[in-house]
Amino acid sequence: MGNSWIRRQKVRLRRPAQILAAPIFSNYVKLVLGTSSRVSDPPDYVARAWENHPQIIALWHGQFFLLPGIYPQEVPGRAMVSRHEDAEALARVLRGFGLELIRGAGAGERRRDRGGAEAAHGAVASLREGYSIAMTADVPPGPARKCGRGIVTIASMSGRPVVPFAVASSRYAAVNSWDRMTFNLPFSKLGIAMGDPIQVPPDLNVRELEPYRQQVEDALNVTTEKAYALAGADSARATPPKRR
């Protein structure tokens, strides 16, 4: 018994807890969307999604809670989700709303193999097959809101554009986590913002990718702020502090 036994029990119960949580999260997303009004920029963002399809839809980590319900079901799409057991509930929610999955994530600062290379190849293949891809641009454990190279590498390899996207709500709760994970609350005003597509040329090396990585980062910050402005919300609580 002791601490090691407690840790083993936590690991053993993690997956069942995620499975039980998935329908609760799904119904909660439906509740938020069903009780909230919406304003979007551009107003025809679904038509824009078709114009850019297939595309790479970029979001910040911690700001994706409503994506499963917002994503237009008529646009074939897949979402990149970590293979970690803690992402199982999110994976089930996404599938429940009609999005297929690509499992894997970038290594981030920890440099662990989290299936990032396999997921990147899966994303490129999916784009070539006619699926849009939704993925976060920043990688756990941070720094938050610093775009990684993975998303622009996928854009360069596939020839498809990166489209910044954000959803915000006038009422929300933010967790004190590295990414300020944000939970949108019911009876809100939702702001939906989509930025201009960013095309990344093919066959770029790491140095040549850097300006496009920075462009995606800057555009996603602007798009996220626009979503909060549309919702009439102060984004401060949902914005992670910058690392020195």
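Let me start with a term: a nonpolar core is a set of buried Ala, Val, Leu, Ile, Met, Phe, Trp, Tyr and Cys residues joined through side-chain atoms within 4.5 Å, where buried means under 20% relative accessible area with a 1.4 Å probe and protein chains only. What we have here is a predicted model, so local features need pLDDT of at least 70 and side-chain atom pairs pLDDT 80 or more, while totals for chains, interfaces and linings use all residues. Residues are numbered from 1 along each chain as its sequence is written, and side-chain values use heavy atoms, without hydrogens or water.

Now, the cores. The largest has 30 residues, and Leu66, Ile70 and Phe165 have the most contacts inside it. Helix 1 gives the most to this core, four residues; helices here are DSSP runs of H or I, at least four residues, and strands are E runs of at least two, numbered from the N terminus. Take Ile70: leaving out residues up to four places away in sequence, its partners include Leu33, Tyr45, Phe165 and Ile192, contact being heavy atoms within 4.5 Å. A second, separate core holds 24 residues, among them Ala58, Met80, Ile133 and Cys147.

On to helix 6, residues 149-158. Which of its residues are buried? Ile151, Val152, Ile154, Ala155, Ser156 and Ser158 are. They pack against strand 2, strand 3, helix 5, strand 5, strand 6 and helix 7. Just after the helix, Gly159 takes a positive phi of about 80°.

Technical notes:
Buried < 20%, exposed > 50% of the residue type's maximum accessible area, 1.4 Å probe, protein only.
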